[in-house]
Amino acid sequence: MVSMKLKALLAELPVEEFRGDAEVEITSVEYDSRRVSPGTLFIALRGSKADGHDYIQEAVARGAIAVLAEEPRGVEGAAGLILVKNTRQLLPAIGRIFYHDPAARLQLLGVVGTNGKTTSTFFLRSILEAASRPTGLVGTIHHLCGGKAEASGNTTPGPLDLQRLFAGMLKEGVDYVVMEVSSHALALGRVDGLTFAGGIFTNITPDHLDFHRSFDEYLQVKTGFFTNLPPEAPAVINIDDPHGRYILDRTSGRKFTYGLSPAAAIRAEEMEMTIKGSAFTANTPWGKRRISLKLPGLFNVYNALGALGLALALGVDLETAAQGLEGLAGVPGRFQLIPGAEDFSVVVDYAHTPDGLENILRTARALTKNRLLVVFGCGGDRDRGKRPEMGKIAARLADLTIITSDNPRSEDPAAIAGEIAEGYRAEILALGRDPDESCRVILDREEAIREAVFAARPGDMLVIAGKGHENYQVFRDRTVPFDDREVAAAALRERAERLKERADGRVYSR
């Protein structure tokens with residue numbers, strides 16, 4: 001268990017006022033009052049929806065031994081009160097100090113981009129593990145340390161949680177950590193003070209514009225990760241992305257490009273795609289090698305190339321790197337094939353942006369023998385501009401679209417679906433097709449998936465997009481268990497049972 005005398009922490013912080021006993025022992029540091037236990041230093045953070053100062057009394061009642069705050073409020077009974085100007089800005093320093101700077105003893109590798117971060121980190125970790133380099137993972141689906149998985153709250157955790165994860169990884173003998181680095185994490189300072197040993201840029205398309213004021217600001221935040229890399233840290237950049245050159249030109253130090261274009265230093269040639277995977281020849285400055293992935297889709301070729309490029313730049317040999325890529329069996333909720341469909345295919349994917357949805361539908365279209373069906377919605381309290389755009393993409397690429405609810409959060413699910421349908425209808429009419437024949441709105445997500453499964457015909461492919469690995473659904477007043485993969489599997493079993501009953505009926509009637 002990590003512990004430290006309060007005075008050791010005070011010595012390194014810009015404290016404006018202190019009251020209490022500096023000799024007390026701090027056994028944990030928390031900003032969530034629900035996680036406070038005796039011996040905790042509670043940090044009161046001001047957020048967009050809640051103010052941690054309102055929970056100081058609760059934290060003290062739970063045993064907080066000291067409180068770090070911006071104003072003295074409700075601290076009666078606490079052993080200490082530390083007043084500072086901005087508690088949030090001190091989180092990186094507090095995490096570093098309390099956990100004895102574990103990040104300084106790890107090789108941190110960041111993956112930055114709108115889409116593809118999760119799969120890229122899984123590919124990179126698989127390569128490094130194949131090269132006998134013990135590697136932890138921090139990302140959207142979960143955090144991995146050795147054989148242990150921990151649920152993920154944010155794509156990139158806050159500074160305190162990151163340092164706690166790093167300390168645990170060091171204890172387990174980890175040398176490398178591959179991380180998804182989100183734009184929120186960069187903008188909010190979650191990775192401030194961390195030194196990365198390398199990074200991958202996957203792509204950038206409009207997203208999170210409910211948080212960032214403009215696409216240009218979003219681009220600048222992503223670019224900042226690479227401009228802040230140490231000169232010796234390799235930056236591996238997707239040169240086929242329209243903004244890859246912009247980032248490349250602003251990145252100093254070691255730079256490598258990847259993609260399909262002849263200008264890419266690490267590129268894929270002679271590609272082959274099937275529903276079960278993809279194959280290509282990797283042409284790199286370190287040589288050529290034929291690689292067969294268990295993950296289908298052109299977007300996964302790009303994800304593999306980025307991971308391959310960074311691994312090679314870090315000194316992993318090409319043969320080992322290729323084996324690491326080939327050894328990854330799949331990523332939860334990323335073009336995940338659901339078993340149980342005999343004559344058509346069902347795929348669950350996390351695609352929740354216009355670019356992500358287009359990529360997954362184009363991949364599915366290329367692999368489909370007959371019709372392409374899609375079920376999707378859009379999240380509430382998020383960028384509304386992408387809703388009609390995703391409707392237009394479905395209109396162009398799918399034969400049957402079922403618009404449903406995703407995580408509506410505080411918004412009306414019907415209103416969200418209506419914005420998607422508005423874009424769908426405009427596009428489908430421009431294409432000269434009847435929207436009433438090609439689109440349905442079913443707000444109950446379980447019923448929508450079930451309807452799509454029963455609508456499928458031999459040779460069809462059904463894509464269920466938006467939630468991927470998530471096992472919950474968030475509404476205004478509740479969060480309920482929900483997993484697209486489980487719901488789809490149950491619908492497939494029901495369909496199979498009904499077909500069997502019909503077949504048995506025909507047999508008995510003879």
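User: What do the buried residues of H7 pack against?
Analyst: The buried residues of H7 pack against strand S8 (107-112), helix H6 (183-187), strand S13 (196-201), strand S14 (235-238) and helix H8 (244-249). Packing here rests on contact, which is defined as heavy atoms within 4.5 Å. Helices (H or I, at least four residues) and strands (E, at least two) are DSSP runs, numbered from the N terminus. This is a predicted model, in which local features need pLDDT of at least 70 and side-chain atom pairs count only at pLDDT 80 or more, while totals for chains, interfaces and linings use all residues. Residues are numbered from 1 along each chain as its sequence is written, and side-chain values use heavy atoms, with hydrogens and water left out.

User: Which residues of H7 are buried?
Analyst: They are Tyr218, Leu219, Val221, Lys222, Thr223, Gly224, Phe225 and Phe226. Buried means under 20% relative accessible area, exposed means over 50%, and partly exposed lies in between (1.4 Å probe, protein chains only).

User: And what should the 13 residues of helix H7 span?
Analyst: Helix H7 (residues 215-227) should span 18 Å at 1.5 Å a residue, and its end C-alpha atoms are 18 Å apart, so the two values agree. The expected span is 1.5 Å times one less than the number of residues.

User: How many bridges join strand S20 to strand S24?
Analyst: There are five, between residues 345-349 of S20 and residues 461-465 of S24, and these strands run parallel. Within that pairing, Val346 has Leu462 as its bridge partner, and Val348 stands opposite Ile464. S24 also pairs with S21 in the parallel sense, over four bridges, with Val374 opposite Val463.

User: Why is S24 largely enclosed by the rest of the structure?
Analyst: Five of the five residues of S24 are buried, so the strand is largely enclosed. Met461, Val463 and Ala465 point one way from S24, whereas Leu462 and Ile464 point the other way.

User: New topic: how many cavities of 30 Å³ or more does a search of the whole structure find?
Analyst: The search finds one, and about 30 Å³ of space lies in the largest cavity. Its lining is Pro92, Pro159, Leu162, Gln163, Arg190, Asp192 and Leu194. On a 1 Å grid over the protein atoms alone, a cavity is a set of points where a 1.4 Å probe fits but cannot get out; a pocket is an open set with protein on both sides within 12 Å along at least five of seven lines; lining residues have an atom within 4 Å of a point. Grid points are joined across faces, edges and corners, and a volume is the space filled by probe spheres set on the points.

User: What gives the most to the lining of the largest cavity?
Analyst: Helix H5 (residues 159-171) does, with three residues. H5 also gives the most to the lining of the second largest pocket, with six residues.

User: How much space lies in the second largest pocket?
Analyst: About 330 Å³. Of its 20 lining residues, Glu150, Arg164, Leu165, Gly168 and Met169 lie nearest the centre.

User: Lastly, is Gly306 buried or exposed?
Analyst: Gly306 is buried, with a relative accessible area of 0%. This residue is found in helix H9 and touches Ile200, Val236 and Tyr258, not counting residues up to four places away in sequence.

Technical notes: Pairing = 2+ DSSP bridges.
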